[in-house]
Amino acid sequence: MPYLDHAATTSVRPEVLAAVEPLLATLYGNPSGGHAIGREARRVLDEAREEIADFCGAPAQGVMFTSGGTEADNWVINGVLDASATSEQHRIVTTNIEHKAILEAAHKREKWDALVVEVGVDGLGRVDPHEMADASRGATLVSVMAANNELGTIQDLRSIATEVRRVSPGTVLHTDAVQAAPWLDLAELTQGFDLLTLSSHKLGGLKGTGCLVSRTSVKVAPFLVGGGQELGLRAGTQDAIGAMAMAVALRTAVAERDEATSRIAMLRDRFLAELAKSTGATSTAQGATVLPGHAHVVFPGMVAEELLVAFDRADLQATAGSSCASGATESSHVLRAIGLDRLAVRGAVRFTLGHATTDLDIDEACSIIGRVVAQLR
Amino acid sequence: MEIAVAMSGGVDSSVAAALLVEAGHTVTGVTLRLWGGTSDSGCCSASDVDDARRVAQQLGIAHHVFNLSEEFHDAVVQPYIDGHAVGRTPNPCIECNRSIKFDLLLDRCRRLGFDRLATGHHARIVERSSAPTLRLARGADPLKDQSYVLSMLPASTIAALSLPVGEMNKAEVREHAVRLGLRTAMKPDSQDVCFIRSDEGREGFLGSRLGLREGTVIDQETRTIVGTVPAVQLVTLGQRRGIGAGPDGERRYVVGVDLATDTVEVAPLEAALSATLHVVATSVTTTGRPLPIDGKVIVQVSAHGRPLDAMLVGTPSGFFVQLAKPARLVASAQTLAFYDPLDPEVVLGSAIVQ
């Protein structure tokens, strides 16, 4: 039963499970409590904070836990704008392939005090650092995702940081590193950036935890108010076990990174080659630097919605990219942004491998896909 | 059998799925997302999809959502708008059944390897000895019968269909849903057109897309202006509502709508009756047997209209419908469903009024 939707979410790592299980019964204290039970939860929380900060090249107090990547992205947009004193309209510069959490949060501010500029990307999903910098002059915030969730395309964050800083030194730089985190060295990747977003479940942790990481002393205003438990910036009783699970997931991902990256990239390349041979599927981001687990393909002349149901019936899980609340497939803004034509978009499927993917998974997936495509043609 | 059930999130299709599961079939639920805009009824809103998904969970079957909103817009919504612009009033439910549910969806189900497509329509597939042996017939509940909106299906489609609730009346359907604890058990029946919100109505929906114009109401006999209507494109032949009475105190009926001059002609009931219905020759469908030209049929002119005795009178280009007794005028683009007078439950075919 090959699961190839690891970019949507991945299985909980065994190391996380082992660490979490014994604590579920015992670590129930409120980290803000002034007693032994509370202090113990606080210790677990702060250790997780330190460890995650370390992996990101951030000071310990830079990690602010959230309910996930979406909240962290929403927080960045609102928190950075609210903390930046200006009587003029804010300028938010981002790309047109960002996660909806950034795009919609940014556009929502347009109603009040912001102008949003979406810089376009090339046919493989890459933004030009110079174009980004040109648009960023005087911007309050620049947000560029480290790697795209649909295509897996990795941005040249280093050049983007250099170029933007050169023309607009006062601009706050943020990257959504949710997809990149399982595969890339976060401290190195986000050098020159102020803020990054992470999500635990994409790393093999638990759903319901993420964080906004601040590498610099940039000001971020509170988002959720009503108690200020999380560093005085986010109200709500903290989830120490969730935070700990995230730290363990990240630690494990980092420890396995070199081995996993080469193993998964090889599996992915074999997968793409076999698919091309047996079905004529074309790789969408071919030629770009792509995350090792991503295989975004177009099955020419086919309809993804049909393929996905047929795959599901054959016990293979994949996705067409983005889904709306009803669960229906929606046309992807990312595929539009890279200029994929309408027919190609209809036949676009995202397969994503993850830490748990095996050779056997890929063998089975190739055979199912070959069979299904032949049947539907 | 491997059966796909089109689940709208209503009680009928929920029970259709349940009956098939109980009969031992391998069942998969499919919900169509048809309308990208806002909607509060029919099979389009997120909460309806939610209901369908929950019922599928309760029944232990897989559930998928297909987004056919672009196709629905092109095949159903736009023709509905365009029709009104030229004085035609197509039935969107029939067009959806024709082009979406029993064309695109059925085709998809076939290719995915399903043996049958099931829906929650109140109609039946009955067996007869001569070919085609499987025939479309009225549902067992006369008040809920939906054979009219399926009357244009060809024999090949009827043979691929399963209509599990067609043998039940509505009360039985709800009882079954209650027995199984399905959350849709007491959900009200969907009314009206699924892509039109109840708070905007036809006026609101078409008004924002068409620009509705005021019309002058003229008495057919005296040729005098007797009033106005706020939206001439929404007036249909035979309509009585909103027209008022004549000087004699008798009700007036619409006998003509001219969108070139934005005028509506009205007359007493006798003038709004006709025994002849002309049909679009290319619109004629049959459920498998040739229609009895110069023979008797039973005709139904709306979803829950009274069955009328009629003849199909042959002409060089096809036929027209001669009703045994004059009836209220039927608007252009409405569908006529034909039933077999010798086997009055069974659908023979359909045609669209000129």
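Me: In chain A, how many bridges join strand 2 to strand 3?
Reply: In this predicted model, strand 2 of chain A covers residues 90-95 and strand 3 of chain A covers residues 114-119. The two run parallel. One of the pairs sets A:Arg91 against A:Leu115 of strand 3. The number of bridges joining the strands is six.

Me: Which helix makes a β-α-β unit with strand 2 and strand 3 of chain A, and what is the hand of the unit?
Reply: The helix of this unit spans residues 100-109 of chain A and is helix 4. With strand 2 and strand 3 of chain A, helix 4 makes a unit that is right-handed.

Me: What is the make-up by class of the contact of helix 3 with helix 4 of chain B?
Reply: Helix 3 of chain B passes helix 4 of chain B in a right-handed crossing. Helix 3 contributes B:Glu71, B:Phe72, B:Ala75, B:Val76, B:Pro79 and B:Tyr80, while helix 4 contributes B:Pro92, B:Glu95, B:Cys96, B:Ser99, B:Ile100 and B:Leu104. By class, the contact has nine nonpolar, one polar and two charged residues.

Me: Which strands are the edge strands of the open sheet in chain B?
Reply: This sheet has four strands in the order 9-8-11-10, with mixed pairing. Its neighbouring strands are turned by 30° against each other on average, direction ignored. Each edge strand pairs on one side only: these are strand 9 (225-229) and strand 10 (253-258) of chain B.

Me: What is the bridge partner of B:Val217 in strand 11 of chain B?
Reply: Strand 8 (residues 215-219) and strand 11 (residues 263-267) of chain B run parallel and are joined by four bridges. In strand 11, the partner of B:Val217 is B:Val264.

Me: What is the omega of the peptide bond from B:Ala131 to B:Pro132?
Reply: B:Pro132 lies in the loop between strand 5 (123-127) and strand 6 (134-138) of chain B. Most peptide bonds are trans. The bond from B:Ala131 to B:Pro132 is cis, its omega being near -10°.

Me: What is the phi of B:Arg223?
Reply: B:Arg223 sits in the loop between strand 8 and strand 9 of chain B. Most residues other than glycine have a negative phi. B:Arg223 is not a glycine, yet its phi is positive, at about 60°.

How values were computed. Residues numbered from 1 in each chain as written. Chains lettered and ligands numbered in written order. Predicted model: local features only at pLDDT ≥ 70, side-chain atom pairs only at ≥ 80, totals over all residues. Pairing = 2+ DSSP bridges. Axes fitted to C-alpha atoms, helices over the stretch in contact; angles between N-to-C directions. Left-handed = near helix turned anticlockwise from the far one by under 90°. Contact = placed C-beta atoms within 7 Å. Nonpolar A, V, L, I, M, F, W, Y, C, P; charged D, E, K, R; others polar. Right-handed = clockwise from strand over helix to strand, strands pointing away.
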